[in-house]
Amino acid sequence: MSEPEVIMEALHVCKSYPASDGRWLRANEDVSLHLVKGKTLGLVGESGCGKSTFMRFLVALDRPDSGQILYRGQDITALRGEKLRQTRRHIQMVFQDPGASFNPKMRVRDIVCEPLLNFGLIAPKERAAVCRNLLEMVELPGDFEDRYPHSMSGGQRQRVAIARALALQPEILILDEATAALDVSVQKNIIELIVKLQREQGLTIGFICHDIALVQSVAHQVAVMYLGRVVEILPGENLRTQARHPYTRTLIDAVLDLDTDPRKPITVIDSEPPSPLDIPAGCPFRDRCSQCFEKCAQEKPEMRWLSKEHGVACHLFP
Ligand code: ADP
Ligand code: MG
């Protein structure tokens with residue numbers, strides 16, 4: 001087997017936002033992750049843990065305070081103007097609620113073809129034909145090109161959003177809670193579509209989701225985030241059996257499904273995460289961790305590599 005080709009790499013990324021009371025909110029702290037060509041990186045964690053903040057750096061919609069975002073070896077945080085615009089072509093994003101981001105007065109063909117027109121890659125008269133091809137790719141009928149966003153279901157709108165994101169034939173697709181607003185059955189269809197597109201086009205995907213069961217089903221590698229830090233990273237297929245961090249275990253145990261052993265007690269986190277303005281010293285998870293010991297209050301655990309693909313930041317695994 002050939003070595004995995006890393007096409008995007010975040011190195012020691014930090015970001016803080018000013019809070020209204022003059023304090024600073026640490027949204028990302030020393031985050032290092034990478035995307036491998038043709039594979040999916042899942043990013044999971046509770047709401048507010050810093051997932052979207054991080055993914056915005058990958059699509060160059062925002063810049064970190066420190067750290068690097070390398071796309072094919074080039075630091076995109078340093079790019080400006082036309083160079084930045086050209087780079088963005090290769091890294092596209094789909095958001096949770098496409099209904100909200102579409103202009104209600106635009107027809108589907110205008111929505112889907114807008115990026116191509118912006119880059120001067122097609123002429124306006126080519127819109128309908130190009131749009132039909134893109135709609136076919138996301139398994140929508142060609143005559144949808146004539147519709148307005150309000151006359152489609154949530155799942156159909158999300159397909160249109162994916163068609164639009166793929167119009168420029170990007171190398172990387174970032175999906176930020178892209179299926180969170182959909183019914184479970186529709187969610188499943190969209191996931192199947194994404195997996196199919198990845199297989200056909202060799203797409204590299206960043207998949208953000210707060211649902212660990214869903215992430216596990218699509219991601220080759222899963223990163224678990226807690227209060228702005230990556231606390232564990234491991235292959236998706238090993239998530240259930242190999243996850244070690246007490247936070248990851250709690251997320252997994254909180255998911256009830258068919259292979260849950262009914263005799264096993266279910267541990268759920270019954271407390272809210274601490275405010276990102278008040279992250280405890282030492283391990284950020286220690287207040288909610290049942291296995292916490294003295295060292296956890298004193299020292300922040302660094303990421304330790306149990307194997308080449310499995311890292312965990314917890315003092316239980318020195
Ligand atoms: P997630 O996507 O995991 O739910 P976010 O990355 O959106 O989390 O947010 C992480 C933290 O940063 C949250 O506490 C959020 O309130 C805060 N935050 C995000 N964006 C901003 C911003 N532009 N200004 C101030 N605070 C922000
Ligand atoms: Mg988010």
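An open sheet of eight strands, ordered 6-7-8-3-9-10-12-11 with mixed pairing, turns up in this predicted model (strands are DSSP runs of E, at least two residues, and helices runs of H or I, at least four, both numbered from the N terminus; two strands pair if DSSP finds at least two bridges between them). Sitting at the edges, strand 6 (91-94) and strand 11 (304-307) each pair on one side only. Strand 6 runs parallel to strand 7 (residues 172-176) over four bridges, and Met93 has Ile174 of strand 7 as its bridge partner.

Next come the helices. The axes of helix 4 (residues 108-118) and helix 6 (residues 154-166) come within 7 Å and cross at roughly 30° (axes are lines fitted to C-alpha atoms, for helices over the stretch in contact, with angles from 0 to 180 degrees between N-to-C directions). The two helices are therefore roughly parallel to each other, a label for angles under 35 degrees. Helix 4 brings Val108, Ile111, Val112, Glu114 and Pro115 to the contact, and helix 6 brings Val160, Ala163 and Arg164, where contact means heavy atoms within 4.5 Å.

Helix 10 (residues 246-253) lies across strand 9 (221-226) and strand 10 (229-235), at about 105° to strand 9.

As for the ground rules, residues are numbered from 1 along each chain as its sequence is written, and chains are lettered from A and ligands numbered from 1 in the order in which they are written. Local features need pLDDT of at least 70 and side-chain atom pairs 80 or more, while totals for chains, interfaces and linings use all residues; side-chain values use heavy atoms, leaving out hydrogens and water.

Key
Angles under 35 degrees count as roughly parallel, over 145 as roughly antiparallel, 65 to 115 as roughly perpendicular and the rest as oblique.
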